[in-house]
Every structure is written in C-alpha cells, then in structure tokens.
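Dear colleague,

Please find below the structure that I am handing over to you. My notes on it follow directly after.

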Amino acid sequence: MAFTGVSEKKLVFRNGNLIQYNLQPSQFLSGFMMELLERDDSVHNVIYTFPHLTIQEFVAALAQFLSANPKNILKLLHDACSKNDGRFEIFLRFIAGLSSPNTAHFLVKFLGPFLHQTTCNVIEWMKKTFLELAGSGMGSTGKRSLLTMLHCLFETRNKALAQATVGSVKTLDFELQLTTIDCAALSHVIGFCDTVKELKLQHCYIQCEGLQLLASVLHKCHKLR
C-alpha cells in the first residue's frame with residue numbers, strides 16, 4: 001500500500017485501501033499511521049496517512065526489498081528510475097541503503113534475514129545503471145538520474161561498489177547545480193575510492209560550504225575541472 005501511494009503520489013488512504021491490501025484497522029496500525037477524521041456533508045469518515053512522506057517511502061522500499069521473488073526488484077528499480085518527476089528518488093535511496101550490511105544488521109532481528117540474492121540484484125543494478133548514465137551523452141534529465149544514483153551509492157557505504165563505479169568511469173560530470181547535501185554525498189563516495197579519473201565541477205555552482213566538504217577528497221582526482 002505504501003509503494004502504491006508513492007507510485008501514485010498518494011498520501012491519504014481509506015478503509016477500502018486497507019481492505020485491498022488485507023490490512024485491518026488496529027491499535028498497531030493506528031500507532032504506525034495517523035488516523036484522521038474527514039468531514040464530508042456532516043458525515044465523519046476515517047482516513048489514514050503516514051506521519052511523514054519519508055516514512056511512507058521507507059516502508060515502501062522495505063516492503064519491496066523483502067519481496068519473496070528477488071527478480072521482481074530489478075524490474076521495479078528499472079521502472080522507478082525511468083520516472084523523471086522525482087517521485088522515486090528517496091525510495092531508491094532507501095532501497096540502496098537496505099543493501100548495506102550495516103543497515104540489515106539492525107533490521108534482521110525484527111524482520112529475519114534479508115534474501116542474499118535481492119541484495120546482489122540491487123548492487124548489480126546500481127553498478128550497471130550508474131555506468132550507463134555516466135557513459136552516455138545525456139541531457140539534464142539524465143544528469144539528475146546520475147545524481148540520484150550517486151546518492152544511492154552513498155547510502156550503500158560500499159567501498160568496492162564506489163570504486164567499480166565512480167572510481168572507474170572516464171569522466172564524472174553532472175552539469176547541474178549541486179547542493180550542500182549533494183556535495184556531502186559526492187565527498188563520501190569519492191572518499192570510498194582509491195582514485196577518480198576526471199571530475200568536472202565547472203557548471204555545478206557549488207557554494208562555499210559544499211567546497212569545504214569536497215576539499216578533503218579532491219586530491220584523489222587525476223583531473224579536476
């Protein structure tokens with residue numbers, strides 16, 4: 001239900017939605033979701049919503065990551081990445097973060113072990129997608145997707161994956177404005193790498209705080225523009 005809400009930009013759910021996904025209103029559900037009264041022509045209807053969109057996005061990512069069929073995650077990731085309106089950006093970051101052993105460690109005692117094949121599929125998808133985006137002549141939409149993938153790499157805390165992606169591409173060039181948060185993610189990912197062949201920042205309009213975050217890792221770049 002959370003994933004459908006993210007897919008359809010839906011924040012409010014009704015009893016019919018709960019029934020559709022075999023959920024029953026309960027003390028647990030009421031504690032996990034906000035239960036609100038909606039007034040319509042003097043009739044009070046109960047509606048449900050997550051306390052924050054980020055919580056809904058995390059629940060959506062967790063539900064998909066725990067899917068019984070690891071192959072399903074690949075199509076889902078491909079479809080999510082193809083959307084250009086940003087609805088899946090945070091969802092994809094959560095999926096990437098769930099592939100990290102450090103994250104899984106805290107959740108296993110509540111949810112049981114994660115499927116190893118799902119983790120492998122997510123990591124392989126990130127590697128393939130990043131290399132395809134970085135190696136293609138893409139417009140602003142592609143650059144935004146590349147930046148999303150950079151944030152996904154950051155969430156994994158996977159040094160080998162960072163080296164196989166950011167550390168292996170011929171040129172890393174975003175050509176869009178990088179925020180302080182973007183610079184923090186870029187700094188950490190470069191920090192995971194031994195070296196970076198070429199990094200272009202001349203069209204990224206980085207502010208002083210962003211440059212300060214990047215300063216400690218720029219020496220790893222063979223070329224910096």
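The second largest pocket is lined by Leu74, His78, Cys81, Ser82, Asn121, Glu124, Trp125, Lys128, Thr129, Glu132, Leu133 and Ser145. A pocket here is an open set of points on a 1 Å grid over the protein atoms alone, where a 1.4 Å probe fits, with protein on both sides within 12 Å along at least five of seven lines; lining residues have an atom within 4 Å of a point. This is a predicted model, in which local features need pLDDT of at least 70 and side-chain atom pairs count only at pLDDT 80 or more, while totals for chains, interfaces and linings use all residues. Residues are numbered from 1 along each chain as its sequence is written, and side-chain values use heavy atoms, with hydrogens and water left out.

The space in this second largest pocket is about 280 Å³, a volume being the space filled by probe spheres set on the grid points, which are joined across faces, edges and corners. Its lining comprises four nonpolar, five polar and three charged residues. In this scheme Ala, Val, Leu, Ile, Met, Phe, Trp, Tyr, Cys and Pro count as nonpolar, Asp, Glu, Lys and Arg as charged, and the others, Gly among them, as polar.

Which helix gives the most to the lining of the second largest pocket? It is H8, with seven residues. Helix H5 (71-82) and helix H8 (116-134) each supply at least two lining residues. Helices are DSSP runs of H or I with at least four residues, numbered from the N terminus.

H5 and H8 also pack against each other, at an angle of about 35° and with their axes 9 Å apart. Axes are lines fitted to C-alpha atoms, for helices over the stretch in contact, and angles run from 0 to 180 degrees between N-to-C directions. The crossing of H5 past H8 is right-handed, a term used if the near helix is turned clockwise from the far one by less than a right angle, and left-handed if anticlockwise. Lys71, Ile73, Leu74, Leu77, His78 and Cys81 of H5 meet Asn121, Val122, Trp125 and Thr129 of H8, where contact means heavy atoms within 4.5 Å. This contact has six nonpolar, three polar and one charged residues.

Helix H4 (residues 53-65) and helix H6 (residues 89-98) pack at about 50°, with axes 8 Å apart. H4 and H6 are therefore oblique to each other, oblique being what remains once angles under 35 degrees count as roughly parallel, over 145 as roughly antiparallel and 65 to 115 as roughly perpendicular. Their crossing is right-handed.

The axes of helix H9 (residues 140-156) and helix H11 (residues 180-192) come within 9 Å and cross at roughly 55°. H9 passes H11 in a left-handed crossing.

Yours sincerely
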